[in-house]
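Work through the exercises below with the model open. Each task is followed by a stepwise solution.

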Amino acid sequence: MDKYIERVYNKVVEKDPDQKVFHQAALEVLESLEPAIKKYPIFEEFSILERITEPERLIQFRIPWKDKDGKIQVNRGFRVQFNSALGPYKGGLRLHPTVNQGVLKFLGFEQVFKNSLTTLPMGGGKGGSDFDPKGKTDAEVEAFCESLMFELYRHIGQFIDVPAGDIGVGGREIGYLYGAYRKITNIHGTGVLTGKGGGWGGSLIRPEATGYGCVYFTREMLKTKSEEFKGKTVVISGSGNVAQYATEKCIQLGAKVIALSDSTGWIHDSEGITQEKLEFIKDLKNVRRGRISEYADKYKVDYTKTVDGSPWSLKCDIALPSATQNEVDAKEAKMLVDNGVIAVGEGANMPTVPEGVEIFLENGILFGPGKAANAGGVSVSGLEMAQNSMRYFWTREEVDAKLLQIMQAIHENAYKTSDTFGVKGNYVIGANIAGFMKVANAMVQQGHRV
Ligand code: NDP
């Protein structure tokens with residue numbers, strides 16, 4: 001490893017020894033930047049790596065809220081404002097018991113490079129809480145969101161920081177958060193959050209954007225090998241926002257999606273999930289908030305508990321991991337390769353462990369890393385901000401066309417950059433360097449205090 005990179009990485013670990021998942025994300029990016037760091041000594045001269053691995057600001061706060069029995073519960077809230085060289089901080093809020101500073105630093109760090117790739121003017125941030133929305137009533141979620149906003153409102157704004165959804169935060173939560181923001185500030189500042197509802201500032205296609213975008217990016221990768229989605233068998237993990245709309249786009253393109261999962265298990269529908277079956281899943285997950293096992297009961301297909309294996313054991317042509325970080329380990333990556341997978345597009349953030357990524361790359365699998373493949377969500381969030389500023393709306397077709405254009409541009413940028421640095425088709429290196437260059441140059445140009 002390059003001496004400068006090694007020094008920076010060691011410092012990252014030394015400063016926060018317990019933040020393992022952040023170390024993992026930092027190492028993955030830093031290692032792949034080596035050719036750019038060697039080519040442009042100015043980045044070392046300006047201490048860009050030391051600065052880019054340190055969040056500009058990290059806010060932690062208390063979120064007290066009353067549960068359905070009138071008892072006061074206390075959760076921890078966070079906002080990591082990682083880098084604003086390119087624009088206001090932008091990134092989702094995650095509600096999950098595993099949320100802590102390390103997880104949000106990993107997500108915020110990834111977001112900096114992802115947002116840079118989108119071609120839109122957005123910095124990177126991430127936030128959330130260790131609150132677990134599972135099993136909570138609507139009223140409890142509302143009370144929690146309101147209390148979260150009591151603190152968060154003072155740190156956000158259309159020119160400062162613009163949060164959106166992530167795991168555990170969908171349309172319902174954004175609605176409660178926006179309502180609380182308006183009540184506290186007396187400002188109808190639609191540009192302060194994205195993922196809003198249609199009719200009060202939300203962009204069409206925002207719910208679909210991450211899943212659709214992931215499929216668009218994967219389709220671009222397939223094209224480089226004269227392949228297409230039509231007739232292919234696809235395995236997708238998760239059954240939330242990203243997984244649902246990745247499934248929908250696969251169906252539209254004539255592929256057969258045979259698996260979806262949640263944290264307790266996964267279903268195998270060898271006949272393929274149809275649009276009608278997908279509507280059942282959307283209702284199950286977004287309205288009734290049930291478990292994916294109910295799909296198996298309804299359609300009489302196989303259901304396997306997570307403890308008994310993973311959907312990556314199924315034979316497929318394309319895999320789209322769309323649940324959470326580190327959900328594809330080395331053994332599972334090997335299984336996918338042995339079973340003939342040709343492309344892997346990461347719908348989730350960092351779902352493949354580093355050894356798994358190595359296995360895909362060594363075997364010539366088309367591998368789209370999350371920061372490129374799942375950038376469609378934040379891209380349409382950027383388009384939502386643009387529409388809010390204009391006080392105007394684009395049609396579904398217009399937003400979808402812009403999303404497609406952005407995903408194609410991200411692909412081309414990552415592909416060309418990989419070629420420039422002598423590793424043609426390595427989208428990990430291509431995306432990391434392409435995302436990094438724009439942020440690093442902006443930081444050099446803006447002086448040493450940013
Ligand atoms: P949702 O909350 O809508 O869905 C998450 C899905 O993943 C659920 O099926 C959930 O199952 C499953 N899951 C969550 N945690 C775990 C876990 N620890 N182990 C196994 N399964 C798990 O989230 P999204 O679909 O929005 O997000 C999925 C991924 O995509 C995340 O990595 C997120 O950061 C990333 N992403 C999301 C974007 C967006 O626009 N929403 C944008 C870019 C990236 P269960 O219900 O049982 O918890």
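**Exercise 1. The main core**

Task: find how many residues the largest nonpolar core has and which residues have the most contacts inside it.

Solution. Step 1: the largest nonpolar core has 52 residues. A nonpolar core is a set of buried Ala, Val, Leu, Ile, Met, Phe, Trp, Tyr and Cys residues joined through side-chain atoms within 4.5 Å. Buried means under 20% relative accessible area, exposed over 50%, and partly exposed in between (1.4 Å probe, protein chains only). Those with the most contacts inside the core are Val234, Ile236, Cys250 and Leu320.

Step 1: helix H9 (residues 206-223) gives the most to this core, with 8 residues. Helices (H or I, at least four residues) and strands (E, at least two) are DSSP runs, numbered from the N terminus.

Step 2: domain 1 (3-188) and domain 2 (209-368) both contribute residues, so the core lies between them. Domain bounds come from an automatic or database domain assignment.

Step 3: leaving out residues up to four places away in sequence, Cys250 touches Val215, Phe229, Val234, Ile236, Ala255, Val257 and Leu320. Contact means heavy atoms within 4.5 Å.

Step 4: another core lies apart from this one and has 42 residues, among them Ile5, Val29, Ile48 and Met443.

A note on the model: it is predicted, local features need pLDDT of at least 70, side-chain atom pairs count only at pLDDT 80 or more, and totals for chains, interfaces and linings use all residues. Residues are numbered from 1 along each chain as its sequence is written, and side-chain values use heavy atoms, with hydrogens and water left out.

**Exercise 2. Two domains**

Task: state what distance separates the centres of domain 1 and domain 2, and how many residues of each are in contact.

Solution. Step 1: taken over C-alpha atoms, the centres of domain 1 and domain 2 are separated by 26 Å. Step 2: 13 residues of domain 1 are in contact with 12 residues of domain 2.

**Exercise 3. Two helix pairs**

Task: classify the packing of H2 with H6 and of H10 with H11.

Solution. Step 1: the axes of helix H2 (residues 20-32) and helix H6 (residues 101-117) come within 7 Å and cross at roughly 25 degrees. Axes are lines fitted to C-alpha atoms, for helices over the stretch in contact, and angles run from 0 to 180 degrees between N-to-C directions. H2 and H6 are therefore roughly parallel. The classes are: under 35 degrees roughly parallel, over 145 roughly antiparallel, 65 to 115 roughly perpendicular, and the rest oblique.

Step 1: Val21, Phe22, Ala25, Ala26, Glu28 and Val29 of H2 meet residues of H6 including Phe106, Phe109 and Phe113. The residues of this H2 and H6 contact divide into 9 nonpolar, 1 polar and 3 charged. Ala, Val, Leu, Ile, Met, Phe, Trp, Tyr, Cys and Pro count as nonpolar, Asp, Glu, Lys and Arg as charged, and the others, Gly among them, as polar.

Step 2: helix H10 (residues 241-252) and H11 pack at about 170 degrees, with axes 11 Å apart. That makes H10 roughly antiparallel to H11. Among the residues in contact are Tyr245 and Ile251 of H10, and Leu278 and Ile281 of H11. By class, the contact of H10 with H11 has 4 nonpolar, 4 polar and 4 charged residues.

**Exercise 4. Positive phi**

Task: decide whether Ile205 counts as buried or exposed.

Solution. Step 1: Ile205 has a positive phi of about 75 degrees although it is not a glycine. Step 2: Ile205 lies in the loop between helix H8 (171-185) and H9. Step 3: its relative accessibility is 3%, so Ile205 counts as buried.

Step 3: Arg289, also not a glycine, has a positive phi near 50 degrees. Arg289 sits in the loop between helix H11 (275-287) and helix H12 (293-299). At 43% relative accessibility, Arg289 counts as partly exposed.

**Exercise 5. Buried positions**

Task: which residues is Leu336 in contact with, leaving aside its neighbours within four places in sequence?

Solution. Step 1: Leu336 is in helix H13 (residues 330-338). Leu336 is buried, with a relative accessible area of 2%. Step 2: Leu336 is in contact with Trp312, Cys316, Ala319, Val328, Val341 and Phe360, its neighbours within four places in sequence left aside.

Step 1: compare Ala209, which lies in helix H9. Ala209 counts as buried at 0% relative accessibility.
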